[in-house]
Amino acid sequence: LPQVDSANAGRVLASDAAVFLKKSGLTDLVLGKIWDLADTDGKGILNKQEFFVALRLVACAQNGLDVSLNSLNLPVPPPRFTDTSSPLLLSGTASSDLPWAVKPEDKARYDAIFDSLNPVNGLLSGDKVKPVLLNSKLPVDILGRVWELSDIDRDGMLDRDEFAVAMFLVYCALEKEPVPMSLPAALVPPSKRKPLSVPGAMPLIPPSASPKESHQSLPPVGILAAKTPLTQ
């Protein structure tokens, strides 16, 4: 609320709210409908309660639900707003158009490890991925979260793209970047993106948390993939 209530008056003017709500990437038509439902007395001003109604309706629309007061009680992930100054996002792009956070040159390295682990039908079981994850020497709870986030379709196996997500998160963690609690939209592989929205997608990683370029200089990822540590 402080972002849009600059005067700290506990209310939001239509002009301020419009600028903020536009960052949701929804069309003007949908945003107009959201405003009409939230601004119950038609004064062109939202109080705190009405503003939260608007935010919930934005979340409903982003998750493919009807923009109606009936949708307010349905469980939806929090609304996502893109900061147009963030390099990860061009203004108004849907999550399906986001560039994937895994760079092509990194993907090639991750694919090589994936192939070295003898995937079956293009999938690696948890048993095959586990030694690779453990070799990173990261805490087990972090590795558990990496697995949870990368097994996007929850089938207990990782395909080539999901494995790349796991490796990407491991490298973030090795560089002391926090592993997110839910997968940012930019990290969801294009092959796994739904036309509507990404389940549980969180606001995009702010630029400061984007993976540092320095990971190119890390030791070759092969050491991570060694089935057993070289020195016992």
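## Charges, rings and cysteines

With a relative accessible area of 52%, Asp 28 counts as exposed. In this report, a residue is exposed over 50% relative accessible area, buried under 20% and partly exposed in between, using a 1.4 Å probe and protein chains only. The structure is a predicted model, in which local features need pLDDT of at least 70 and side-chain atom pairs count only at pLDDT 80 or more, while totals for chains, interfaces and linings use all residues. Residues are numbered from 1 along each chain as its sequence is written, and side-chain values use heavy atoms, with hydrogens and water left out.

### Salt bridges

Side chains of opposite charge can pair when their charged atoms come close. How many salt bridges does the structure hold? There are eight, where a salt bridge means a side-chain nitrogen of Lys or Arg within 4 Å of a carboxyl oxygen of Asp or Glu.

| Asp 28 | Lys 22 | 2.6 Å |

Let's begin with Asp 28, whose side chain meets that of Lys 22. Lys 22 is partly exposed, at 49% relative accessible area.

Asp 111 is buried, at 17% relative accessibility, whereas Arg 160 is partly exposed at 32%.

### A network of charges

Which residues are linked in a network of salt bridges? They are Lys 107, Asp 111, Asp 115, Arg 160 and Asp 161.

Lys 107 is part of helix α4 and is buried, at 13% relative accessibility. The side chains of Lys 107 and Asp 161 are joined by a polar contact of 3.3 Å. A polar contact is a pair of N or O atoms within 3.5 Å; within protein, one must be able to donate a hydrogen and the other to accept it, and residues adjacent in sequence count only if both atoms are side-chain atoms. Leaving out residues up to four places away in sequence, Lys 107 touches Trp 100, Val 102, Arg 160, Asp 161 and Ala 164; a contact here means heavy atoms within 4.5 Å.

Asp 115 is found in helix α4 (residues 104-116) and is partly exposed, at 39% relative accessible area. Its C-alpha atom is separated by 8.6 Å from that of Arg 160, a residue 45 places away along the chain.

Now look at Asp 39, in the loop between α2 (28-38) and β2 (45-47). Asp 39 is buried yet has no salt bridge, and the nearest side chain of opposite charge, Lys 43, is 7.6 Å away. Here Lys and Arg count as positive and Asp and Glu as negative; His and the chain ends are not counted. What does the side chain of Asp 39 reach? The answer is the backbone nitrogen of Lys 43, at 3.3 Å. Apart from neighbours within four places in sequence, Asp 39 is in contact with Gly 44, Ile 45, Leu 46 and Glu 50.

### Aromatic rings

Across the whole structure there are four aromatic pairs. One of them joins Phe 51 and Phe 52: the ring centres are 6.4 Å apart and the planes lie at 50°, so the pair is tilted. By definition, rings of Phe, Tyr and Trp (its six-membered ring) pair if their centres lie within 6.5 Å; planes under 30 degrees apart are stacked, over 60 edge-to-face, and the rest tilted. Phe 51 is buried, at 2% relative accessible area, whereas Phe 52 is partly exposed, at 40%. Ring pairs also bring in Phe 20, giving a cluster of Phe 20, Phe 51 and Phe 52.

### Cysteines

Finally, the structure holds zero disulfides, a disulfide being a pair of cysteine sulfur atoms within 2.5 Å. Cys 60 is buried, with a relative accessible area of 0%, and Cys 172 is buried at 10%.

Terms used:
Helices (H or I, at least four residues) and strands (E, at least two) are DSSP runs, numbered from the N terminus.
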